[in-house]
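Below are some remarks for a colleague who is about to look through this model. They are set out as numbered points, and each can be checked against the coordinates.

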Amino acid sequence: MGQPINIPTSGTQCIGGYVARPDGKPKGGVVVIQEIFGVTAHIRDVADRFAAAGYTAIAPAFFDHLETGLELAYDDTGMQRGKALVTELGLERAVEDVASAAEAIASAGRIGTVGYCWGGTVALLAALRLGLPSVSYYGARNVPFLGETPKAPVMFHFGERDRSIPPEAVASHRERLPQMEVFTYPAGHAFNRDHDPHYDEASATLAWQRTLAFFDKELAGA
């Protein structure tokens with residue numbers, strides 16, 4: 001359904017990405033923000049699912065700033081490399097790239113974001129700083145930013161067995177952003193990633209339904 005795309009950024013460099021478009025007029029647009037592993041087959045599949053649901057979806061390849069076309073394996077080596085890359089990249093540049101990706105699909109209508117793991121925190125920042133309605137899946141780096149005033153609504157999804165996000169961190173979201181929806185599921189980290197054993201089908205399905213309802217309200221006006 002999708003295809004590669006080049007995205008001009010706020011600097012002098014273009015980055016790659018993946019864009020999937022719906023049949024007919026889009027309901028809006030969604031920037032799909034990767035985990036620490038790059039724009040993998042799973043992230044491309046997520047973009048395809050949003051296109052099938054009626055949204056233009058774009059997944060910017062943030063790592064192109066550092067190494068073109070990088071996709072890491074979901075193993076310890078890939079995890080360590082991914083952590084190093086996102087540290088080198090930085091959240092500020094990632095947020096700038098989200099703004100560039102949103103501009104690239106602006107013709108779709110209202111734009112939101114969805115992000116996973118590291119991307120979950122980038123999605124939160126997109127709502128806080130760019131004013132894009134966003135859905136944050138298991139963002140382990142969220143807590144330091146919860147004191148900022150949101151410019152757009154955010155929905156949060158967390159796994160109750162996620163060892164990287166303790167219950168008190170989830171509670172902080174409810175306490176400091178009481179106007180936002182915070183959902184928990186009987187699952188671990190990365191429960192939406194259906195390409196490995198972390199996947200929890202029931203939790204992922206319910207979170208997907210809630211995510212689509214959020215975007216139908218905030219982007220499509222349903």
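1. In this predicted model, the largest pocket has a lining of 20 residues, and those nearest its centre are Met79, Asp162, Ser164, His189 and His198. The space in this largest pocket comes to about 410 Å³. By class, the lining of the largest pocket consists of nine charged, seven nonpolar and four polar residues.

2. The second largest pocket holds about 190 Å³ of space, and 15 residues line it, with Gly17, Val39, Ala61, Gly69 and Glu71 lying nearest its centre. The element that gives the most to this lining is strand 2, covering residues 14-20, which supplies three residues. Sorted by class, the lining of the second largest pocket has four charged residues, five polar ones and six nonpolar ones.

3. Histidine 157 belongs to strand 7, which runs over residues 154-159, and it counts as buried because its relative accessibility is 0%, where the cut-off for buried is under 20%. The side chain of histidine 157 is joined to that of tyrosine 185 by a polar contact of 2.8 Å. Beyond the neighbours within four places in sequence, the residues in contact with histidine 157 include Val135, Ser136, Tyr137 and Tyr138, as well as Phe183, Phe191, Ala207, Arg210 and Thr211.

4. Tyrosine 138 sits in the loop between strand 6 (134-137) and strand 7, and it has a positive phi of about 35 degrees although it is not a glycine. With a relative accessibility of 0%, tyrosine 138 is classed as buried. For context, most residues other than glycine have a negative phi.

5. A second residue to check in the same way is alanine 190, whose phi is positive, near 60 degrees, in a residue other than glycine. Alanine 190 is located in the loop between strand 8 and helix 6, and at 1% relative accessibility it counts as buried.

6. Aspartate 194 also has its place in the loop between strand 8 (181-185) and helix 6 (201-218). Is aspartate 194 buried or partly exposed? Its relative accessibility is 31%, so aspartate 194 counts as partly exposed. The side chain of aspartate 194 makes a polar contact of 3.2 Å with the side chain of histidine 42. Leaving aside neighbours within four places in sequence, aspartate 194 is in contact with His42, Asp45, Arg49 and Tyr199. The C-alpha atom of aspartate 194 is separated by 25 Å from that of threonine 68, a residue 126 places away along the chain.

7. How many disulfides does a search of the whole structure find? The search returns zero disulfides. Of the cysteines, cysteine 14 has a relative accessibility of 44% and therefore counts as partly exposed, whereas cysteine 117 is buried, with a relative accessible area of 13%.

Definitions and conventions
Residues numbered from 1 in each chain as written. Predicted model: local features only at pLDDT ≥ 70, side-chain atom pairs only at ≥ 80, totals over all residues. Heavy atoms only, no water. Helix = DSSP H or I, 4+ residues; strand = E, 2+ residues; numbered from the N terminus. Buried < 20%, exposed > 50% of the residue type's maximum accessible area, 1.4 Å probe, protein only. Polar contact = N/O pair within 3.5 Å; in protein donor to acceptor, adjacent residues only side chain to side chain. Contact = heavy atoms within 4.5 Å. Disulfide = S-S within 2.5 Å. 1 Å grid on protein atoms, 1.4 Å probe; cavity = no way out; pocket = protein on both sides within 12 Å on 5 of 7 lines; lining within 4 Å. Points joined across faces, edges and corners; volume = space filled by probe spheres on them. Nonpolar A, V, L, I, M, F, W, Y, C, P; charged D, E, K, R; others polar.
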